[in-house]
Amino acid sequence: VDRCVCFFLKALVSCVLLLFLLVGRLRGVEGFSVSDSVVSRRIVQFLSFGLFCFICGFFLFPSVSAHKTAYYLVVVLPFLLLIPWLRWRTPTPSQILVLTFITYMVLAVLWSDEFDLDSLLYFSKCGALILILIWAIDICWSDRYFDQLLLGFLLSGAVVGLYSLFSFGVETGWRFDRVMKPVWHFANQNRMAKVFGVLALVALFLMRQKRFSTHKMVFLLSTVSLLSALLIIVLNRSTGAMLAVVAAIPCFWFMLLPYNVTRKALVVGSLCIFGVMIAGGIVYMLDLHAAFIQQGWSYRDEIWLAVLKDIVANPWFGLGATDDLPVFGNDGRVYSHEHNVFLAVLRLSGAIGLVLMLAVVFRLFWVLSEVRYGSSSLWLLILVFGLIALSSSGEYPIGRPKESWLFFWVPIAFLVAMSGKLELARRAKHDGSTSGVNTTE
């Protein structure tokens, strides 16, 4: 009976999501815009300030719990207060696709063996928090706001970076052969290194932007931030953060290519990724993986092999989303999560969830590949960095605010906002060119 109920839920969710995509693509599902009034403008200003504090707060807040509380107070609360002034509008395909992805990831809790009302409420709340972030950034985004946000993020990162290096030097007697321990509110040195990896990319971006590079103070601040971030990554001995930074930097030049070349390269790259995934599956099914996995993986091999067994047993829909589903490694140890965002999505939401996530990334790259102003290239760069960084330590992406939001959900939110405005401008241009003007009465 349980299997029949579980199968029915999976089939129902799949049909609903497919119908949602088709209807949304053909007719449009309604989204948000804000009606103009004195009160709504003040709330939007406060919401913009709240987003600024939240993103800079990845460095500034003294604890993770304080950062979460600030998100509820300065982002979620203003957005809820803004609801009476929200107007419905037809969203773009990118917005529909992201909404479908988040909805499916939340509904995956329905076929979990540990399903109960509390787990459903938890994942629904987490999904709502992510959607509020996306809608809030869509409401507040502008080129000027983007510049102010980057400068604030750069300044806060530089201050915390210099403080971290000074604390490390005082504690170790300036012996740089020691491993840096997490400082400030960072509880894990790998997470700390990845947050500073984002700071390094922002500093590189500002240094190559003409409108910023001509300002000596901004260039000096970018240089200090870049050097301190790179030094912290090296001192943390975080291989994942180092590889993510090195692999993401070529995207600067990739985004400068003509958009038709960029799109061809994007298609080829996507096919290569799918080819690698299929090859990996074949290697695992033929039991040839032992030749590729040796020492030095920090137990990732034991974790991933155990995760692959769960994936093979439930390939399409996964085990179902749950807040606490440990991984029983092949070495007999128990691990808290999958340590790979792609495997985590596959394990808990199946191939459908992974395809939706990759479709979101592909769609954002595709739409913004022809945009040549810098803001989109930075967030695409951070998203690439995040996907690479989360390949060694990531977990199921639906959750409460934490460090991984900075290089996964925050860039997705900004890219959705920019792609939405670009697609709406195209739609308006197309409607204007195809519709005639009737001047007779």
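Guide: A nonpolar core is a set of buried Ala, Val, Leu, Ile, Met, Phe, Trp, Tyr and Cys residues joined through side-chain atoms within 4.5 Å. The model discussed here is predicted.

Visitor: How many residues does the largest nonpolar core have, and which have the most contacts inside it?

Guide: The largest such core has 125 residues. Within this core, the residues with the most contacts are Ile102, Leu133, Ile398 and Trp409.

Visitor: With which residues is Ile102 in contact, leaving aside its neighbours within four places in sequence?

Guide: Ile102 is among the residues with the most contacts inside the largest core, as are Ile398 and Trp409. Leaving aside neighbours within four places in sequence, Ile102 is in contact with Gly127, Ile130, Leu131, Ile134, Ile398 and Trp409.

Visitor: Is Ser349 buried or exposed?

Guide: Buried means under 20% relative accessible area. Ser349 has 0% relative accessibility, so Ser349 counts as buried.

Visitor: Which backbone oxygen does the side chain of Ser349 reach?

Guide: Not counting residues up to four places away in sequence, Ser349 touches Tyr104, Met105, Ala108, Trp316, Phe317, Gly318 and Tyr396. Its side chain also reaches a backbone oxygen at 2.7 Å. That oxygen belongs to Val345.

Visitor: Where is the kink in H2 centred?

Guide: Helix H2 covers residues 38-60, which is 23 residues. From first C-alpha to last, H2 reaches 31 Å, close to the 33 Å expected at 1.5 Å a residue. The kink in H2 is about 25° and is centred on Phe54.

Visitor: How many disulfides does the structure hold?

Guide: A disulfide is a covalent bond between the sulfur atoms of two cysteines. The number of disulfides in the structure is 0. Cys53 is in no disulfide, and the nearest cysteine sulfur, at 7.3 Å, is that of Cys56. The cut-off for a disulfide is 2.5 Å between sulfur atoms, and the count is 0.

Visitor: Is Cys140 buried or exposed?

Guide: Cys53 has a relative accessible area of 22% and is therefore partly exposed. Cys140 has 7% relative accessibility, so Cys140 counts as buried.

Visitor: Buried residues make up what share of the protein chain?

Guide: The protein chain has 16 helices and 4 strands. Of the 441 residues in the protein chain, the buried share is 49%.

How values were computed: Residues numbered from 1 in each chain as written. Predicted model: local features only at pLDDT ≥ 70, side-chain atom pairs only at ≥ 80, totals over all residues. Heavy atoms only, no water. Buried < 20%, exposed > 50% of the residue type's maximum accessible area, 1.4 Å probe, protein only. Polar contact = N/O pair within 3.5 Å; in protein donor to acceptor, adjacent residues only side chain to side chain. Contact = heavy atoms within 4.5 Å. Helix = DSSP H or I, 4+ residues; strand = E, 2+ residues; numbered from the N terminus. Expected span 1.5 Å × (residues − 1). Bend = angle between axes of the 7 residues up to and from the residue.
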